[in-house]
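Please read the following account alongside the sequence and the coordinates, keeping in mind that the model is predicted.

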Amino acid sequence: MQTGKSFFKRKKQEIGVSLNTIQKKAVLHTEGPLLLLASPGSGKTTTIIMRIGYLIEVKGVEPARIKAVTFSNASANDMKERFQRFFPELPSVDFSTIHSLAFEVVRKYFRRKGVSYQIIEGDNPSGINKKILLRNLYKSLNQEPITDDQLDELTTYISFVKNKLIPDNKWGTVKCEVPKALEILQEYEKYKKHGTSNLLVDYDDMLTIAYHALQGDEDILASYQSRYDYVLTDESQDTSLVQHYIVKKLVEKHQNLCVVADDDQSIYGWRAAEPQYLMDFKNAYPTAQVLKMEQNYRSSSDIVNAANQFIKQNKNRYDKNMFTKNVSHKPIEIKMLADYQYQANYLVEKIQRLERYKEVAILFRNHSSSILLVDAFDRAKIPFYIKDSNNRFFSHWIVQDILNFMRLAFDNTRVDIFERVYAKFDLYLTKHQVGKLRNGPRELSVFDHLMEMDELKDWQLTKIKKIKDIYRKMTLRTPRHVIRTIRDDFGYEKVLKKMCKELGFKMETFLETLYSLEQIGESTNNLIEFANRIKHLDALMKASRFNKGENAVTLSTLHSSKGLEFDTVFMVDLVQGVIPAKEAQDQEEEVRLFYVGMTRARYHLELLAYREKYGKAVKPSMFVLNVQNILHPNEDVLHKPETFKVKKRKAPVNPNAIKDEAVIKVGLKIEHRAFGQGIITNLDEDQMEIQFSKETKQLSVSACLERGLIEAV
Ligand code: ATP
Ligand code: MG
């Protein structure tokens with residue numbers, strides 16, 4: 001008969017993990033509720049795995065009687081793998097998300113009740129789909145299409161009210177920027193219940209229905225309560241109220257619940273995570289034992305000490321003091337690049353020197369950060385893995401617009417292609433006029449045909465002629481030049497601005513997409529290469545999720561990096577507005593997100609910011625400044641930008657460029673290498689405002705001087 005002692009000893013020999021006193025205590029405390037509140041890297045997940053092994057090996061519990069609840073399908077897989085590594089001889093345990101448990105309950109409940117239902121999540125083109133439903137409702141209530149961002153916000157709002165179990169008469173009290181969000185939700189609920197012969201069910205409904213089934217149906221409750229003898233939940237700081245309630249019902253009889261959490265890593269408040277529930281854990285489970293673990297086994301002392309100080313800026317938290325016995329390895333590095341455009345190549349140069357790509361992660365706040373990284377990594381032949389690669393970039397209509405504009409350069413008789421972009425030329429052509437093109441002679445260019453129509457105004461004719469002229473030489477131009485021409489001379493950017501004004505799109509996002517395309521275009525010589533490159537990157541991005549387990553660099557959002565660890569972590573795009581996000585409602589949650597990122601690294605952590613992006617000055621993230629302050633309290637290292645130059649694109653040195661900061665004054669007339677002549681109209685520390693003939697720009701003084709971009713006129 002094995003005892004706890006012999007179990008721990010044997011596992012130490014087999015896998016080299018020797019649990020500390022508290023970890024052992026958590027493993028041995030199998031009966032009754034237990035809350036394990038612990039720091040990152042303190043072995044929470046390790047303890048859960050060991051506890052499951054202990055239950056099976058020492059206490060003789062049937063694996064099927066154990067339920068381990070994970071945060072996402074990805075973390076369920078990670079945990080399964082870890083369990084297999086720790087206990088290769090044992091059959092697997094049920095590691096799954098609370099949603100999949102809820103779905104089982106719902107299925108059983110509806111079968112018993114004879115309710116016919118349909119799941120409306122996922123990309124099921126033949127069935128009814130949640131997103132399409134919401135799009136349609138938005139359109140019929142607001143008379144315009146919903147944007148992808150608005151749709152995200154709307155689904156978040158719906159998830160939020162459902163997960164918090166907010167009654168329908170209070171839905172209006174939850175803030176949502178989407179026009180008529182409340183009405184849309186009400187209509188959506190009505191339609192799901194009465195719109196078709198089936199009851200329509202989304203993921204959020206699964207949770208609420210499962211909860212009501214467990215609450216109201218004695219038989220269902222009894223069957224699930226007797227199904228598992230031990231329940232464990234990891235990453236519980238991101239469990240929502242309805243999810244906590246489901247778990248509570250599940251363990252009501254035996255109370256054998258082990259909840260593992262770190263309130264400092266709660267990053268899903270916007271999706272109704274309820275970390276407060278853990279703070280009040282004893283209200284729900286009066287007999288609960290609460291254990292704290294603060295020793296970090298993952299990271300070097302450099303990282304642990306800085307992260308521990310960093311998180312203390314938050315007020316609303318359980319006070320913990322993360323520490324480590326690990327030695328110092330290498331100081332955290334902060335890099336301040338002169339310009340965003342260097343970031344991807346900087347990473348390439350750095351990572352190429354490393355061998356074990358698998359042990360490297362690049363973490364960012366927004367999915368969009370991955371596009372140019374993918375482009376640069378592919379060119380450098382660095383393999384990468386993206387867990388969550390359902391990226392919208394390449395299928396975005398702006399990308400399709402640009403490709404269609406370009407297609408016309410090869411054949412301007414293609415009415416079908418012209419029809420797709422005619423409204424984007426800022427020409428005010430009517431559908432009727434464009435329809436007439438269909439009847440024209442097939443070999444006639446659409447532009448010549450348009451110019452033959454009598455009904456067009458003079459200004460339209462002049463512009464069409466200009467466009468036709470531009471098209472004549474377009475195939476000879478570089479993709480970057482062509483995109484510029486489309487933006488400025490075709491009037492595409494003007495059209496986009498109008499759309500933003502009318503439909504509530506964000507121009508910033510559009511510009512970002514266009515700039516990214518220009519950047520991708522940099523490495524291609526002509527339009528055909530460009531189109532192929534886009535196709536290639538799209539496919540590569542989609543395929544990258546199959547690189548899991550390969551020797552590939554991980555590209556991940558900060559959110560998806562939860563629970564993972566890597567030898568080397570680069571956190572990128574660390575500028576104000578990205579993190580903390582401009583629209584962030586909860587500043588402390590932004591701090592926690594940054595903290596999650598920092599604590600993923602074992603040995604080396606590097607933070608990357610820059611001073612300028614697409615000709616605009618940007619500020620480094622205040623969190624980078626915080627870390628900077630922690631590391632070097634009295635030094636202003638950040639003020640000196642790191643000048644990482646890409647050899648290929650090194651600009652010729654201008655001997656007349658201003659080098660002395662003292663020369664920069666309001667009123668000074670200058671010439672900027674890229675933007676032409678202008679006058680400095682405002683100066684605020686490192687930022688200067690320059691009025692150029694067409695526009696005003698905010699530029700970084702140090703970046704301009706460093707790179708010799710401006711001279712006095
Ligand atoms: P996170 O909060 O990021 O999810 P965690 O608390 O779940 O972290 P684990 O992932 O379980 O932490 O462990 C972090 C690292 O520390 C792992 O590499 C694990 O093997 C190691 N570790 C955990 N406990 C011990 C221990 N007692 N002795 C040595 N190494 C340990
Ligand atoms: Mg963990």
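The paragraphs below go from the domains to one of their contacts, and then to a sheet and a single loop residue.

The domain assignment divides the protein chain into domain 1 (4-101 + 208-295), domain 2 (129-195), domain 3 (310-383 + 551-631), domain 4 (395-533) and domain 5 (661-712). Between domain 3 and domain 4, the C-alpha centres are 38 Å apart, and the contact draws on ten residues from domain 3 and eight residues from domain 4. Together these two domains bury about 910 Å², of which 48% falls on carbon and sulfur atoms. On the side of domain 3, L372, D375 and Y614 account for 51% of the area buried against domain 4, more than any other three residues. Four salt bridges are counted between domain 3 and domain 4; elsewhere in this description of charged pairs, the side chains of K613 and E512 form a salt bridge with an N to O distance of 2.9 Å.

An open sheet is built from five strands in the order 20-19-18-17-21, with antiparallel pairing. Strand 20 (696-700) and strand 21 (710-712) each have a single partner strand, so they stand at the edges and one side of each is left without a neighbour in the sheet. From one strand to the next, the twist averages 40°. Strand 17 (residues 669-672) runs antiparallel to strand 21 and is joined to it by three bridges, and I670 has A712 in strand 21 as its bridge partner.

Finally, D280 is found in the loop between helix 12 (276-279) and helix 13 (281-284). D280 is partly exposed, because its relative accessible area of 34% lies between the limits of 20% and 50%. Although D280 and S561 are 281 residues apart along the chain, their C-alpha atoms are separated by 27 Å.

Definitions and conventions: Residues are numbered from 1 along each chain as its sequence is written. Chains are lettered from A and ligands numbered from 1 in the order in which they are written. This is a predicted model: local features need pLDDT of at least 70, side-chain atom pairs count only at pLDDT 80 or more; totals for chains, interfaces and linings use all residues. Side-chain values use heavy atoms; hydrogens and water are left out. Two strands pair if DSSP finds at least two bridges between them. Helices (H or I, at least four residues) and strands (E, at least two) are DSSP runs, numbered from the N terminus. Axes are lines fitted to C-alpha atoms, for helices over the stretch in contact, and angles run from 0 to 180 degrees between N-to-C directions. Buried means under 20% relative accessible area, exposed over 50%, partly exposed in between (1.4 Å probe, protein chains only). Domain bounds come from an automatic or database domain assignment. Contact means heavy atoms within 4.5 Å. Buried area is the accessible area (1.4 Å probe) that two parts lose on being put together, summed over both.
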